[in-house]
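This report covers pockets, salt bridges and helix packing in one model.

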Amino acid sequence: KRPAKEIAERMDVEYNYLSRAVLTGSSGCNFPIHWIRPFIKAAGTYHALKVLVNSCGFLLVKNPRALRNVREIRMTLNAYQKRFLEVVDSLIDCINNPSVQSCEFAVARLTDHQEETEYWKRLVKRGNVGQLELGFYGD
């Protein structure tokens, strides 16, 4: 994540204007939609697109790349499982210590998990997981 001043420089816009453009409500000005691609490129992250898509009730899911071998699949699945446990922990925290902050954190973790689950679903549907057993990708 890059600092806002660096993002403004990379986009060739005034820092003050960019700062107001990303504010919500009456204190900000509208973020020009044609800025989304330059903003993503300048920021070096898809977070702005994710916020936009999530605010419209959708998930942002990156198309999966083929996993190269069984070891890579296992490592990736282990990481996925670990992140799911973090989701459960955030839900338990929200239930045991209900606050705006704990529940917003839980919702954000759930959204991340939904996106990652959809990624795995697409990967499996494409057949990039099961074909490793047949040796199409090698070990």
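With four residues, α6 gives the most to the lining of the second largest pocket. The model is a predicted one: local features need pLDDT of at least 70, side-chain atom pairs count only at pLDDT 80 or more, and totals for chains, interfaces and linings use all residues. Residues are numbered from 1 along each chain as its sequence is written, and side-chain values use heavy atoms, with hydrogens and water left out. Helices (H or I, at least four residues) are DSSP runs numbered from the N terminus.

**Pockets**

A pocket is an open set of points on a 1 Å grid over the protein atoms alone, where a 1.4 Å probe fits, with protein on both sides within 12 Å along at least five of seven lines; lining residues have an atom within 4 Å of a point. Grid points are joined across faces, edges and corners, and a volume is the space filled by probe spheres set on the points.

The second largest pocket has a volume of about 420 Å³. Its lining includes Lys50, Asp112, Glu115 and Glu116, and α4 and α6 each supply at least two lining residues. By residue class, this lining has four nonpolar, two polar and five charged members. Here Ala, Val, Leu, Ile, Met, Phe, Trp, Tyr, Cys and Pro count as nonpolar, Asp, Glu, Lys and Arg as charged, and the others, Gly among them, as polar.

The largest pocket holds about 640 Å³ of space. It is lined by 24 residues, of which Val22, Phe31, Phe39, Ala48 and Val51 are the closest to its centre. Two or more lining residues come from each of α1, α2, α3 and α4, with the largest share, five residues, from α4. The lining of the largest pocket divides into 16 nonpolar, six polar and two charged residues.

**Salt bridges**

Eight salt bridges are found in the whole structure, each a side-chain nitrogen of Lys or Arg within 4 Å of a carboxyl oxygen of Asp or Glu. Three of them are listed here.

| Pair | N to O distance |
|---|---|
| Asp112 and Lys50 | 2.1 Å |
| Arg83 and Glu116 | 2.2 Å |
| Asp112 and Arg109 | 2.7 Å |

The salt bridge of Asp112 and Lys50 links distant parts of the chain, with Asp112 in helix α6 and Lys50 in helix α4, 62 residues apart. Arg83 pairs with Glu116; Arg83 lies in helix α5 (residues 70–96) and Glu116 in helix α6, so this pair ties together parts 33 residues apart in sequence. Asp112 and Arg109 are three residues apart in helix α6, and about one helical turn separates them. Salt bridges that share partners join Lys50, Arg109, Asp112 and Glu115 into one network.

Buried means under 20% relative accessible area, exposed over 50%, and partly exposed in between (1.4 Å probe, protein chains only). Lys50 is buried at 18%, and Glu116 is buried at 17%. Asp112 is partly exposed at 25%, as are Arg109 at 24% and Arg83 at 34%.

In helix α3 (residues 36–43), the buried residues are Ile36, Phe39, Ile40, Ala42 and Ala43. Seen down the axis, they fall within an arc of 170°, so they line one face of the helix; the arc is that of the directions from the helix axis to the C-beta atoms. Arg37 and Lys41, on the other side of α3, are exposed. Just after α3, Gly44 takes a positive phi of about 75°.

His113, in helix α6 (residues 100–126), is buried at 16% relative accessibility. Leaving aside neighbours within four places in sequence, His113 is in contact with Tyr80, Phe84 and Val87, where contact means heavy atoms within 4.5 Å.
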